[in-house]
Structures are given as structure tokens and as C-alpha cells.
4 protein chains.
Amino acid sequence: MNFGFDDTTAELRARLLTFMDECVIPAERAYEEQAAVSGWGPPPLIEDLKAEARGRGLWNLFLPGEEGAGLTNLQYAPLAEIMGRSPSIAATATNCAAPDTGNMEVLAQFGSEWQRKEYLEPLLNGEIRSAFAMTEPDVASSDATNISTSIVRDGDEYVVNGRKWFITGAMNPNCKILIVMGKTDPEAPSHRQQSMILVPRGTPGLTIKRGMKVFGYDDASHGGHAEVVFEDVRVPADHLIGEQGGGFAIAQARLGPGRIHHCMRLIGAAERAVELMCRRALSRTAFGKTIAQQGVVQDWIAESRVRIEQLRLLVLKTAWLMDTVGNRGAHTEIQAIKIATPAAVEWILDKAIQVHGAGGLSQDFPLAGAWAGVRSLRFADGPDEVHKRSLAYRELKKYMD
Amino acid sequence: MNFGFDDTTAELRARLLTFMDECVIPAERAYEEQAAVSGWGPPPLIEDLKAEARGRGLWNLFLPGEEGAGLTNLQYAPLAEIMGRSPSIAATATNCAAPDTGNMEVLAQFGSEWQRKEYLEPLLNGEIRSAFAMTEPDVASSDATNISTSIVRDGDEYVVNGRKWFITGAMNPNCKILIVMGKTDPEAPSHRQQSMILVPRGTPGLTIKRGMKVFGYDDASHGGHAEVVFEDVRVPADHLIGEQGGGFAIAQARLGPGRIHHCMRLIGAAERAVELMCRRALSRTAFGKTIAQQGVVQDWIAESRVRIEQLRLLVLKTAWLMDTVGNRGAHTEIQAIKIATPAAVEWILDKAIQVHGAGGLSQDFPLAGAWAGVRSLRFADGPDEVHKRSLAYRELKKYMD
Amino acid sequence: MNFGFDDTTAELRARLLTFMDECVIPAERAYEEQAAVSGWGPPPLIEDLKAEARGRGLWNLFLPGEEGAGLTNLQYAPLAEIMGRSPSIAATATNCAAPDTGNMEVLAQFGSEWQRKEYLEPLLNGEIRSAFAMTEPDVASSDATNISTSIVRDGDEYVVNGRKWFITGAMNPNCKILIVMGKTDPEAPSHRQQSMILVPRGTPGLTIKRGMKVFGYDDASHGGHAEVVFEDVRVPADHLIGEQGGGFAIAQARLGPGRIHHCMRLIGAAERAVELMCRRALSRTAFGKTIAQQGVVQDWIAESRVRIEQLRLLVLKTAWLMDTVGNRGAHTEIQAIKIATPAAVEWILDKAIQVHGAGGLSQDFPLAGAWAGVRSLRFADGPDEVHKRSLAYRELKKYMD
Amino acid sequence: MNFGFDDTTAELRARLLTFMDECVIPAERAYEEQAAVSGWGPPPLIEDLKAEARGRGLWNLFLPGEEGAGLTNLQYAPLAEIMGRSPSIAATATNCAAPDTGNMEVLAQFGSEWQRKEYLEPLLNGEIRSAFAMTEPDVASSDATNISTSIVRDGDEYVVNGRKWFITGAMNPNCKILIVMGKTDPEAPSHRQQSMILVPRGTPGLTIKRGMKVFGYDDASHGGHAEVVFEDVRVPADHLIGEQGGGFAIAQARLGPGRIHHCMRLIGAAERAVELMCRRALSRTAFGKTIAQQGVVQDWIAESRVRIEQLRLLVLKTAWLMDTVGNRGAHTEIQAIKIATPAAVEWILDKAIQVHGAGGLSQDFPLAGAWAGVRSLRFADGPDEVHKRSLAYRELKKYMD
């Protein structure tokens, strides 16, 4: 057992930290100003930062194999944490932003040659963006068998009908391709009913209807969270990803690394929150002492540190398990980090907000926006409660005969 | 001891409930649609609803004495709860919306004759709106001695300099008057340094700078939460409210009823959330049973009910104490409801959101917006932590010799 | 609505408080010393205190109607709270101790004339003690349909077979009578299967086997918590209470007042804990200030006060409802106080212990013992979770068509 | 980074698990029966188990260096966890029981040659037991400067006066030696005032006064928790450990490994609790389904698993840090595990108890006893609150200039 970073990770961490200090953190204010007026999609300054990051060898770090940086999950995780300190900029600048990351993984792993050529390549180059259309407004879509979007084979085409929402990134006009989950085989066994299919932006019948808000945020610079309607949307049959009926398996494969990325970014956000909380507490005085001298605030700071240390180790161990025994062997841990991380980071952000007074709620600090993002992750890939039930079942099974 | 409503309250509750059912709830959708395009201030349909409410004798219910409905705190509290089920519409329609309510109370209790004529009268008639400018960006203003806005006597005028923020309602062009808290006597004993003064909109040197957001919401239909700058703002000396140095005492007097109103409205919001949570849980199915059949969801519903019942009783008892022994005698309870209510209602709203899935975060349900409002109340009149410390001190004092 | 005590209650509170100050609190140390050596049952000094309490008109206060003090639930509740400050002594001295209180209510309400003469009379005189045998070791007895003890009619007798445990008071040799819940009609509808029957101590086949401990405590001075075995125990048929098949209904009737008593005594225990916590915090110094000056300790004190105020009001309202609309109409509230009170008081006691340092865990303070008692109430009449589920179901039913 | 066990650890884990299965778990019932009648100190069967463990090479595993098994903290930690599944037996049988472990470490590291010969040797052989006398009843002894026991040099002797309590193990007649912390130099800088000295049982003036209970437990088989009085207790000057004024430093050195041991044993106890909780939940039925099918119980099981995984990793990382950068470099983590572990394990045990119904509170299951032990650890080496404050201070210091 060894808790130190390997040399590759240590070197990349140093390089990324330098990039954060030199390029990302200094750009935050301008980013917010541009984002306030630039509509759906990242503000213009992002393009320069992308070039800069790529020039520094900080590009597609999330992607294993030859097409990406070739890092293991365990090596990438600490880098995702660093990006999480300023996630809107850092993840996009390094081409490591969701949902493209997961979509690129899907295409790299399951895509046909032409799919990779047509979509993976420009995604890897940061030329286009993508979306992943799973959640539906009309059903509890955490239960995949509930999915009601239909994908019906008709000659050389598939016809897609359905309604999706909270499709992150799809409001961005540069989001050129959607990966859509739907049912091709409603009579098959429950986990063989679903398929994934590529639907290019602009396909007739596809309507990007409106941006859903998360609390008051439209998240425009991330491309928003679209409601998307599919009315007799026809795509050629070769737009299906992998095999028909393989949608559930692809979704499962997509989950593991995405979970690691999300959780490590949240931990980075939590670290940033603790820093802001400490700085603020040291700088404000009320009733004759600094806020940092208040016992309750000290308690929050200590609790935050204690929780962060535990979360990080659990996520890192999960990454290590995925690398060594595979996603299946890491199933319990992948669920565990989903249960533990958003809840704890939400708590930490809440305390950081409280230390900031009313300002902490506002656009003047990154805390409330980060909080809303974290809160929404308690739903991502199904609400926490679904994951807890599943994890408990696996625990109970050890004692069933 | 008797936990039943008196006849006046019972009658007004029935009348208000009818108004809610017939006029308020049916107007919610149109209100949101109009609010989305109508800029700062309530959407147009509010004026009809105001006329309707006034015609039904549901007007200025919050105000004791002849100028208002003449109700006690204990009689008004259950009405505020009912309004809380749809607070944006109901409180405004009945002319019972903050911060006007507290401002009218201040003017009714401490205003000079001309101040009452000039400002209280149109406020009572629902013709203008008002704001209360206390919180400052640069100091921990929960400690009144920190307030840095200066109000300096200069001949027949006072000159105001300072910066305030989160001044609710001030973005509304119809907000004609601000009550501003500042320091007139920085050398006086700590609770005699502050005064309150009236500053009319449009006074030279007064800049309504921008709207502060709360978790992404601009709360435009409530008139937003403005940052306001005072640069050598001059008002005649008769704009001072009450006596010079009396600002802290006025602020304390303003607190009690406002706390009751806020807390009861929150309880109404919590009741609405429980209703929405139950209806949603009954209507959605996942993994073979309704969400309402999930044990964890049942636990949330039960906890919500148990907490609401306790909160309501505590707020009602506090109202009764204020009526019978005065604000001073109800000091502990006034702090207790501030500590207990926002925290518990925030929890309930969080669970209601969770039952709604991602939709619960969005503009399609009133839950996320209500949550943001409740969260911000954990800062109102100072963060909870300040109130807890003060309450604890009073408890400890019982045992000090 | 009125939150003041009526004259009867006010007068009895004053009288009881005097008794506490003059007789109960001063006897605590001697009680503990005697209890440490006096075996199962109250220590000898209790008899003098009983005489004293009776002489002061503080006797059978819990019992409505002519046979008792004739108080309503709302009048008795504040008295039970006062007893809760030193429950072992005060409740026993005033003949208001569980489980006798519930048993006397059962006999007063459902007992035949001879049952009342034989058992209720000496219980009312404090001459004998009693036990209530419901919980079984082999099944989840919170589900009454699980009860496995059989009560079979055989000619003029009933024959009881089964095993019970946690039968409070039964280790006390002066516990002369057990009310036993068992199944007489296993084929009847689920709530008509059970009956209650009187089994006198000493009946052949009845074995009081051992005392169950609760966190190491044997609670000897309360008569312990016995495991009791019934092997072909025969009692005359007239020992059945009420009608055959009426056991469930009697159990339900017994619940309401008992719940009020328990919860109010817990609130008294919580008040005592807050007092001890404050006194201790003021008297100890660490790292240059008193523990009372620590922000976290202040937070605990404030939270304790806020929770106690809410709990008390909820219990009082429940008592009022039982008096005005009956147990059935107060069903939700009766469950709510069971859910809310033990959990909150457990929290308060935990904090009081923490302020006392290691001593708080020990026999030198009443806190750890009180904690164990409260913890065990999270199981009384079924675990909290059962009550939450039932309460949630009633809430959900409002919205089912 | 690598989360796998090294070969030594893997081999010892296997060997220890076999010992648990073959010898420890099967002895539990007999241990409890003997313990109930065998007075202060371990029951007789422990001697056989000690011989067995020693024969299997499972002896003094905790002690680094030649005198012990020579394991690192990281290697020993997983073994301590295994012992924690049945800590009373396993830790004692392998001579790895507190407080002897810490005392042996002190003697191995700071003891003079004769001290090692006289006391360390028989301790290493499991022939005698020892105690560590730090906590005092009259002061908040978490603040070492508060310690009031005096150790005064008088010629060739030191004279000890003071009162200690919660001195674990000292009621055991075979506890032959006490390490006593007191003040030799009250005028020195605050962390140079204290010294540690050896006081053999039987020294005149030393009174082992009584056993303190923890909740209702006397922990007799662990030698209890004694109150100890020192009245002019004289020991030769060579009984001082290390140098005069070095007591604080020795206490600090003693802390780290002890913390690891405690926390890992707690994690073992938590694992056992989860196992018992699952087995019970699967075996009991209420309201038509097993308790394991209740959503709330599943939530508890999942939460328990998620918390345990995080705790274990944090403790292991702390052990690794101690091994690689020393106790000083692991200061934050050593405090973090003290803050996190008892609180989380207490929660897990509480839920396991709840699943067991009333039986969970009793002597029939190991849960309530384990709970009391864990609860007492929230005080060990000072209450959690002291550690949180100190940890927060270190966090804040990063941002102070």
C-alpha cells in the first residue's frame, strides 16, 4: 500500500497547477464578464486557453489509450481534482469537460470507424461539442426500463420519437451531435431493450426546445440543459452505436470514469471553498473577534477538512480498482463515491456560503453556483436513493444463502 | 391552554383560503409567464388581484391598530402561513409583502405626521413600494456596531454616504422610498450610534446600482435585491425617523413581527412542498413500485410532518407571547423561530426536490425557487450563528451568579 | 389560542415544584446509595416520600376520573414534565410511574369489578406494582400480528404459553400482577386475534427468568426489565380483561396517555440536562476560557433550548387534542411526539455528557443513565421507523383518490 | 499509489483471520459467561488463548522494532481491524490490548534499561498488565496545562500527590504498574511542566479507589476504569521516564500509534455491526416483509458501508504517513481519524442496535457494549471539540500572513 503519486502524475500535477495559476485563475473574472453576454456556449476567451493548454501538453488527459493522454483512472483523478478548483474554465480549456468526455469514451470504445472519424476526431480536437440524451421528463428514468423514447428500425434508417430534458450542452450551437438512449427492443429482457444512437444537430424532427434552469442558473456557458423533442427523427442505421440492444451496457461502461471525474472535480471545488471560507473568516470581524475565531466556524473548517480527506481517498481507491479489477469489480465503490461525494461537498459549500454572509449567495462569489451544480449531481445517473438501495442489496447478499 | 383558533381568525382563514383557491393558485402560471418578461417589479396581473383582495376585506392584514386590519400577531400568523403557499402572489395581492410590511410598521409606530401622510398612506393603499437598507457589503453587518454608512447632520439636512446591498425591492421603479440605517453618532454608546432615515428614490447621489442574485435568481418580480450606493445624498432633517440615535431600537422593534411573518410564510411553503412531494411520489413509478412506497421517501414525508407541526406551534406561541408580554419578553422565542424555521423548511424543500427528480431543480416547479428564498433567510437579520450565540448566552445567564 | 396554564395546572405545578425542591432533589444521593445495595425494586426511602407526596395531594395525578386526580391530559402533562427532572424518585413517590400508570388506566377503563377491586385498588394505593408483558424475543413484536404467545381457553381457564422480555418492573418482588398480551383467536381478522389477561405473580408455570440490561444498566430500582416464560400457565377465565379479541383495542387505548407521560418526562430530563450542561460549562476552564465561552458549546445550548420549546408545545397540543377530539383524532400527533421526542432528547443528553467530559459517562452524574433510558424509548411501542411509515401513509392518503 | 496489501500484511491477515475463526469467535460465549463471575481482569480462558496466539506467531504485533513483531503502522493497522471484530478477546490474546500497547511503546522508546527489564519484559510476555494515569476529575485535562497532580523531587525520590480517574485496567489486580502524568515543573514553559513516572501497584499512599462506570458497564474484564488517589506516594527518582519535563513530548509520541489502533479496532467493530445488522434484517419479518426489505434499513446499510470505506482509507493513509514522514507530519490526519472514526462508528452501531429491536440494547448482543466503548472514545485524549479546534487552526494558518 502506498499513498504517494507516481512520477507521471506528479509531473502532470505540477504542470497543470502552473497552468491554473498562470492562465485559469487569472481569467476567471473575464470569463464571467464574457459569459454574461455571450449566449449559449463558452465565452470567446476559451479558444485561446484551449490553444495554450494543448501547447502545454494538457489535452484530452481524461482519455486512456492512444487517442488520449493514455493515463489510468488513478493518474487522471488528481488532475480532475485540480481542474475542479475552477471547473468551467479548466475542464473546457483542456478538452476534459463533461459530457464530451463520456461521449468520447463511448465513441472510442464502441464507435464504428466512420463514427470515430466523423465525430470522435473533431471532439478530440475540441472543434465541436456533444450531448448525451438520457433523462426524460415523463418517467423516473433512473430505472432504465422506464425509458420511453423509441428507436424503431425502418428499412435503412432508425426513427426516433420521444422527449428528453436536462440534456447538458445541447443549447450550445456548436454541439453538433447527440448520443440518444432509447428503446429499440421493448420486448427483450429488461437490460437488452435499449440502444444508443447518434443524432446530428439539424436532423429534421429534432427540436432543441428550451433551456432548463438549475435553481436560477441557465448554465449558458456550459451550453445549458436543454429540453429536446424528437418527432419522427430519421437517421441512417449506421448511426447506431455498437449493437442493437447494447445501450444499457454502454451506459454502464460510460458511468465509471464519469463518476470519478465528477467526484474529483467536486473535491477540487470543496478545496477551493475551504480556502475561500478560511480567507473570508480571517478577514471579517464581528462582535470583537474575527469570524475565524468563532468556534462554530472552526468546527466547520475542521469537518470540511476531515470529510475531504476521506472522500478523496475513496475516489482514488475506486479509480485504482477500476484500473486493476475493472468497473465491475469496483461496482460498490463507484456507487459509494456517488453517494458520498455530492452530499459532503454540498455541506462544505453551504458552510462556505454561510461564512460569506449574503454575498455568498450571489454572483460575486463562485460558491452559490458551485452549490447548485453539486446539488444537481445528487440526481446524476439516478438519485442517490437508487444507488443506496442497490449498494445495500449487494451488502445483504453476502449473508443470503 | 387552548390550541384552537378564535372566531376572527377562523373566519379570516376561511375567507383567505377561498381567495387562494379562487384567485391565487389559478393565477400562478400566468404570473410566472408575465414575470418572465415584465422586468423589475410585480407582473401586471397583480393589480387586479390587489383590487380583488381589497374588495374581499383581505388587505393590510399584517398591521395592528386602526390603520391596518387590527389583528394581533397570533391572529395574523395563521393567515401569513396560508399566504406562504403561494407567497409571491398572495402576500403582494393582500398588501402584506415584505419589506413593505416592516416599513409600514416602522412608519406607523415611529413616523412623524408628515412621514405617515407622505409615505405610509400610499404604502397602505398599495400605490407605492419601499425598501429597507441595512446590510452592507464591506462589513459583517449582523453586528450593528459594524455599520459603516454615515448619516451626518449638516444644517437642516442629513448627508448620507455608504454602500448597501441585498436591498430587496429597490430594483422596482415603483419602490419610491428607502429606509436607510446608518451611523449618526459614532461616539455614542454602541446601541445609540445608529439612526434610520428616509431617502426618496431619485434623490441626487443615490444610485441603484445592480441586482444581486440569489442562487442565480434575480427575483425581479419582487423588485430584486439591489446594490445601492449613497454618495453625499442629502435629505431634509425631517426625514429622520424617530429620534437621532434611535435606529437600533427601531430595528429591534421591526424584527419581531417580521420574524413571525417570515416564519409562518415558510411554514406555508413547507406545507405546499409536502403536498407536492406526496402527489409526485404517488404518481411516479420506478423499479416496480411507486416512489410513495419507498421507505426512505415515507421517512421524509413523516419527518416533514413532524417538523412542521413543531415549528408552527413555536411560531404561534411566539406570536402569543409578543401579544401578551411584548417583544422583549418574547426575545428567546423570537430568536428560536429564526434558528429553527429556515433550517427545517430548507430540509423539507430539499426532500421535495429530490422526489421530483431533476425537474425539481428547474423552473417547472416552485420548489427550487422557494429553496433559494429559504436559504437566504438563514442570513436575514444576521446569520443563525449570531442568534444562537445570543440565545445561549441568555440561557447561561440563568446560572451565573 | 392561549398558551398559558389554567389555574388548576398552575396551582399543581407550584405544589409539585415545591415537593421537588423540598423532598425529591435532596433525596437523590441517598436514593442512589440505597439503590446500589437494595436489589430489585425501589430503595426503602421511597415509602416515606410516597406518604409525603400523598399527604400533599400529589397522588395518582395521571389518572382521570374519580379514581384518580381527575386531571385532563393537558393538565397532567406539565406535571409529568416536572417529575421528569428526577423521574426515578418523583414518579414513583407520586404513584405516577410506568408501567403501573398504563396498567391502572387499563383496569379503570376495561377491568371488571373484581379485577378493579383486586388489582386496581392496591395499585392506586401504591401497595403493589404491576407489569405489562407485550414484547417478545422471537418476533418483531411491533407488528402485533406477529405476537406468538398463545392464550387458549380450556374450560373455565385460559392457558398461557410463550416468552416475553423487557418486561419492565417484573423483577421487583412486589410486582404482583402482569397484564399479558397474547393470541386467543389466531384465525380472526388481524386486529381481533389478541387478548389481554391478568397473570398473578406466583402462578405455576410463570418464570421470571432474568433481568435484561439496557446499555449495562439493570434498572434494578425500577424492578428491572425481565425475561418471563409462560409454560402452561393457567388462570381462571375471569382474568381476561375486557372481551376476548379486544387486546389490540386495549393496547391502542393504553398508548396515547402513556406516550404523553413518557414524552413530557423526557422533556423534564432534557431541561435538567441543559441546566447541568450550563452549570458545568460555566465552571470548567480549558485553553484560557470557560467551556461556556466555546462557540460550539453555545451552539449546543441554543439548539437544545430551541428543540425543547418545540417538543413541549407538540406534546401539549397532543394532550389537548386527546382531551378534545379523542385518541383517534390525535393519532398523527401521538405518533409525531413518539418520533420527535426521544431522538431530540437523546441528542441533548449526548451534548450534556460531552460537556461533562468522561465523568458524564459515569455513575457520578445522572446523564448517562438518562441517555440509556431515552435510547430505549426509540423502541417503545415499536421502533420509530414503524411509526414514521404509518404517519407517512396517513399523509399520503390525503392525496389518493 | 497502490491500495493493495503487501505480502507480510496479507500473510498475517490470513493467519489472524484463521485464529479469529478457530479460536476467538467460538470462545465469545464462554468469555462472557466467565467474565460475568470472574471479577476484575480477563476471565481465565484468556490464558489458553494467549498461549495459542503466541504459538501461532500472533504476539506483540503492534510493536515495531526488535522487541515486537517489527511491523510498520501500515502493516499493523489491518490486523488491528480484524481484532476489532471481537476486541475483548482478540486484542488481549495477542498481547495487543490497550493501554499496555501504548505503555510498552513508551517503555521501549523512552524507558531506561532497568525500567525495560523490570516492566517492559513482563509486559511483552503478557505476564503483567499496566495502566496509564492521565485524566483528572477536577480539571479539563484535555488541556495538559490544567493537570494538577504534582510530582515533586525530594532527595532521591519523587513524591506524587493527586487524583486521577478513568484509569483503564487499574482495577485488575494483575495491573502491576502505573505510568502517571503529573507536573514536576509548574513554572516551566507550558509544555515542559509535565513528567511521567512509574508507580508500582502497592506503593504506600496509592489507593485504587473504585471503578468508574461507562454507561452501566464496569468493564471488569478489561480491568475497569479506576479512580486512583495518590497521597504522598514516594517512588525512587529512577522511576521517572525519560527526562524531567519530558512528559508532554512522551504523551504526544504515545498518541499516534494508539490512535491508529483504536480507530482500526473501531472499524472492525463497525464491520461486525454491519454483518449483524444484515443477518438480523434478513431473518426478521414485520408487516409482511423482511426488515431487510425496508428502504430505511437499506439506507442504513448503504450509509454504513460508504462510511466504513472512507474511514478505513483515512486511517490507513495516516498510518502510512506516520511511517513515512513521522507523527509530526501526520498531525492533521492523526486528528482527523480521531474526529471521524468514533462519530461514524457510533452511528453505525446505533443503527445496528435499532435493527435488533430491544434485544440490541441488552447483554444478548455485543452491540450496546460496543456502542458504550465507542462513545467513550469521543473523549479519549481530549474531547473531539478540542481536536477540531486545533485542526481548524492549522488549516487557517495556511492563509495567515
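How many residues does the contact take from chain B and from chain C? It takes 40 residues from chain B and 40 residues from chain C. The legends below describe a predicted model.

**View 1. Chain B where it touches chain C.**
The contact draws on 40 residues of chain B and 40 residues of chain C. On chain B, the elements giving two or more residues to this side are α7 (247-283), α8 (295-329), α9 (331-356) and α11 (384-397). Helix α8(B) provides the largest share, 15 residues. By class, this side of chain B has 24 nonpolar residues, five polar and 11 charged.

**View 2**

**View 3. Chain A where it touches chain D.**
Here 40 residues of chain A are in contact with 39 residues of chain D. Four helices of chain A each supply at least two residues to this side: α7 (247-283), α8 (295-329), α9 (331-356) and α11 (384-397). The largest share comes from α8(A), with 15 residues. The side of chain A that touches chain D divides into 24 nonpolar, five polar and 11 charged residues.

**View 4. Chain A laid on chain D.**
Chain A goes onto chain D by a turn of 180° and a shift of 0.0 Å along the axis.

**View 5. Helices α7 and α9 of chain D.**
Helix α7 (residues 247-283) of chain D packs with helix α9 (residues 331-356) of chain D at an angle of about 20°. Their axes are 9 Å apart. The angle falls under 35 degrees, and α7(D) and α9(D) are therefore roughly parallel to each other. The crossing of α7(D) past α9(D) is left-handed. The contact between α7(D) and α9(D) has 18 nonpolar, three polar and four charged residues.

**View 6. Helices α1 and α3 of chain A.**
Helix α1 (residues 7-35) of chain A and helix α3 (residues 73-83) of chain A cross at roughly 15°. Their axes come within 9 Å. That makes α1(A) roughly parallel to α3(A). The crossing of α1(A) and α3(A) is right-handed. From α1(A), the contact is made by T8(A), T9(A), L12(A), R13(A), L16(A), L17(A) and M20(A). From α3(A) come Q75(A), P78(A), L79(A) and I82(A). By class, the contact of α1(A) with α3(A) has seven nonpolar residues, three polar and one charged.

**View 7. Two annotated spans of chain A.**
UniProt, in an unreviewed entry, places "domain: Acyl-CoA dehydrogenase/oxidase N-terminal" at residues 8-127 of chain A. In the model, residues 8-127 of chain A are 67% helix and 0% strand. The end C-alpha atoms of this span lie 28 Å apart. For "domain: Acyl-CoA dehydrogenase/oxidase C-terminal", the unreviewed UniProt entry lists residues 245-394 of chain A. Residues 245-394 of chain A are 80% helix and 3% strand. Their end C-alpha atoms are 25 Å apart.

Conventions
Residues numbered from 1 in each chain as written. Chains lettered and ligands numbered in written order. Predicted model: local features only at pLDDT ≥ 70, side-chain atom pairs only at ≥ 80, totals over all residues. Contact = placed C-beta atoms within 7 Å. Nonpolar A, V, L, I, M, F, W, Y, C, P; charged D, E, K, R; others polar. Axes fitted to C-alpha atoms, helices over the stretch in contact; angles between N-to-C directions. Parallel < 35°, antiparallel > 145°, perpendicular 65-115°, else oblique. Left-handed = near helix turned anticlockwise from the far one by under 90°. Least-squares fit on C-alpha atoms with pLDDT ≥ 70 in both. UniProt positions renumbered as here; feature names shortened; annotations may be inferred.
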